Amino acid sequence: MTVFRTGANNAIRKRLMASAIRKKLMASAILFGVVISTIAPGTESGAKAKKPKLSAKKITVTEGKTKTIKLTRAGKKAKVTWKTNRKNTAKISKQTKSYCKIKGVKKGTATVSCTVKQNKKTYKLKCKVTVKQKKIVNAPSILAAYKDIIPNMGAAVNYGSSAPRELRKNDTLAFIKKHFNSFTLENEMKPDNILGFKSKTMTVDEAKAAGYYIPENYSEPTVPQLNFQEVDGAMEVAAKNGLRMRAHTLVWHSQTPSWFFHKSYDSSSAGKDSIVSTQTMDARLDFYVHNVMAHVMEKEKALTGSAGSIVYAWDVVNEYLHRGSFGKTVWDSVYGNMGASPSYVKKAFQTAYGMLKSYGVQDKVTLFYNDYNTYFSVQQVLDLVAFINKDEPEKICGGIGMQSHVDVKVPTVKQYGDALEKFLASGYEIQITELDFTINFDTEGSSATYAYKDEKETNADQKKFVKELMETIVTKQKTRNTAVNPKGITGITLWGLCDSTSWRSQCKPLLFGKTINDPKGSLFAFVGAAKK
């Protein structure tokens, strides 16, 4: 047995204790290292990292609709890329790191790929997308429903000045022919399109050589060049497809270029001294109305063999009662405020009616005064038309155009019906020329914005209003005194084909929704009213 001295024993014990502590620390370090190695970088727990995952491996979406694919388990620093292999079938309408929205374009299948790069690894995820064809509701024909009630059913369309160029597309043209027998060019017969936004002139001698009519009292050395390219194209479509046209419009304050009222057809110099005299403007008015109408009727003869065969109605003057300057030179800049006796308005009708007579079509083509809010200004409209016809051997203004951009709140159906009844009782031919039915349109009160406002109105509200309004129109047409007004309502024109192409699209004013294949309940109410 070995015996240690007390001092030696203490030293040995200290060395043994230190060795034991070192061993424990090493064991703890090893254990800690094992634990650390099981924790995925960037995580706060020891659970094994999970791969990124899509919310679905396959989805089905209908044409025109969208569905969302979500991405989970992607870290904050992950880089995410979404792609589709067939954009013509299914396209990505919106994407973020955590999801993407897939919109069905047309029937078929596509694959959406999601690439996730994180922690030096790349994950490629896929989702199969099946696009179903949208169920097309068999929309009843507007034209067929009203064929024995209203002879001309139409819509506002475009030929070529701006999208969507409905008259040049097979699908929209087929739609037009199903529902209508008439159309109005939304902008392409307005003065600023025929005259041009910028002045282009030619000498009087050049104009005569080109076949232009020059009035005897025309004293200027130049005349403006007139552009009929889009009008001609629209008339060719009409002739080929058995459609008729409303000509809109000859005289209007809003869409007539300012230079048309200035000396030398040049509006670059400001001030009243640059504006022409009333005598000069009379000659310009005669020049414009005569040449536009002559061109249209000569084109009709070339296409069909007879004048008056395509254009059956002319809006000679538009919105005189609601004229304004909008900070530009207009008719009032030349003639002043002529109140209820505007000489240039009467002169426009005199010239236009003279053109009808010169072609022998005054009995089959009607000249209209067209305006909005006519249901609130019945007597003013009737007084203006009476002034136009005063002392004339024949009724040169034979029709009243009720624009009818109505809202489900304003006017009331009764207000509209009462006005229509008074117009019919006056004996004039009536056409409802720019019909649409807005919802969520701010029209009431002194603070009305006349713009979109969310008033919680729905397509159901529109449907109810359309039903009541159209039933009223049909009733007034059928119960009118035919001895006083044998023609009655001779046309209804909807201002557009579907909500998405309307000038007030946000307020969903038409009978079809996003596309012409999206009939709304209002369409069925509109058609159903014809059976009343």
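Helices and strands here are DSSP runs numbered from the N terminus: helices are H or I over at least four residues, strands are E over at least two. The model is predicted, so local features need pLDDT of at least 70 and side-chain atom pairs count only at pLDDT 80 or more, while totals for chains, interfaces and linings use all residues. Residues are numbered from 1 along each chain as its sequence is written, and side-chain values use heavy atoms, with hydrogens and water left out.

**Stop 1: helix α12**

Select Lys 464 and Glu 468. Their side chains form a salt bridge, 3.0 Å from N to O. The term means a side-chain nitrogen of Lys or Arg within 4 Å of a carboxyl oxygen of Asp or Glu. Because the two residues sit four apart in helix α12, about one helical turn separates them. Lys 464 is exposed, at 53% relative accessibility. Glu 468 is partly exposed, at 33%. The classes are buried under 20% relative accessible area, exposed over 50% and partly exposed in between, using a 1.4 Å probe and protein chains only.

**Stop 2**

Next, select Lys 487 and Glu 429, whose side chains meet at 3.5 Å, N to O. This pair links distant parts of the chain, 58 residues apart: Lys 487 is in the loop between α12 (459-479) and β19 (489-494), and Glu 429 is in strand β18 (residues 429-438). Lys 487 is partly exposed at 46%, whereas Glu 429 is buried at 8%.

Now pick Asp 407, Lys 409, Glu 455 and Glu 457. A network of salt bridges links these four.

**Stop 2: the open sheet**

Show β2, β8, β7 and β4. In that order these four strands form an open sheet with mixed pairing. β2 (58-62) and β4 (79-84) are the edge strands, each pairing on one side only. Two strands pair if DSSP finds at least two bridges between them. On average, neighbouring strands of the sheet are turned by 25° against each other, direction ignored. Here axes are lines fitted to C-alpha atoms, for helices over the stretch in contact, and angles run from 0 to 180 degrees between N-to-C directions.

Start at β2. This strand pairs with β8 (residues 121-132) in the parallel sense, over five bridges. Select Lys 58: its bridge partner in β8 is Lys 128. Then select Val 61, whose partner in β8 is Val 131.

Move across to β7 (residues 108-118). This strand pairs with β8 in the antiparallel sense over 11 bridges. Val 116 stands opposite Tyr 123 in β8. How many residues lie between β7 and β8 in their hairpin? There are two, and Asn 119 in the turn has a positive phi of about 55°. While side chains are displayed, recall that in a regular strand they alternate between the two faces of the sheet.

**Stop 3: the largest cavity**

A search of the whole structure finds four cavities of 30 Å³ or more. On a 1 Å grid over the protein atoms alone, a cavity is a set of points where a 1.4 Å probe fits but cannot get out; a pocket is an open set with protein on both sides within 12 Å along at least five of seven lines; lining residues have an atom within 4 Å of a point. Grid points are joined across faces, edges and corners, and a volume is the space filled by probe spheres set on the points.

The largest cavity has a volume of about 70 Å³. Of its 13 lining residues, select His 253, Tyr 320, Arg 323, Trp 331 and Tyr 344, which lie nearest the centre. β13 (244-252), β14 (311-318), α8 (331-335) and α9 (343-359) each supply at least two lining residues.

Asp 332 is partly exposed, at 24%. Arg 323 is partly exposed too, at 24%.

**Stop 4: the second largest cavity**

This cavity holds about 60 Å³ of space. Its lining includes Ala 156, Glu 166, Glu 186, Trp 495 and Trp 503.

**Stop 5: the largest pocket**

β17 (405-407) is among the elements supplying at least two lining residues; its share, three residues, is the largest.
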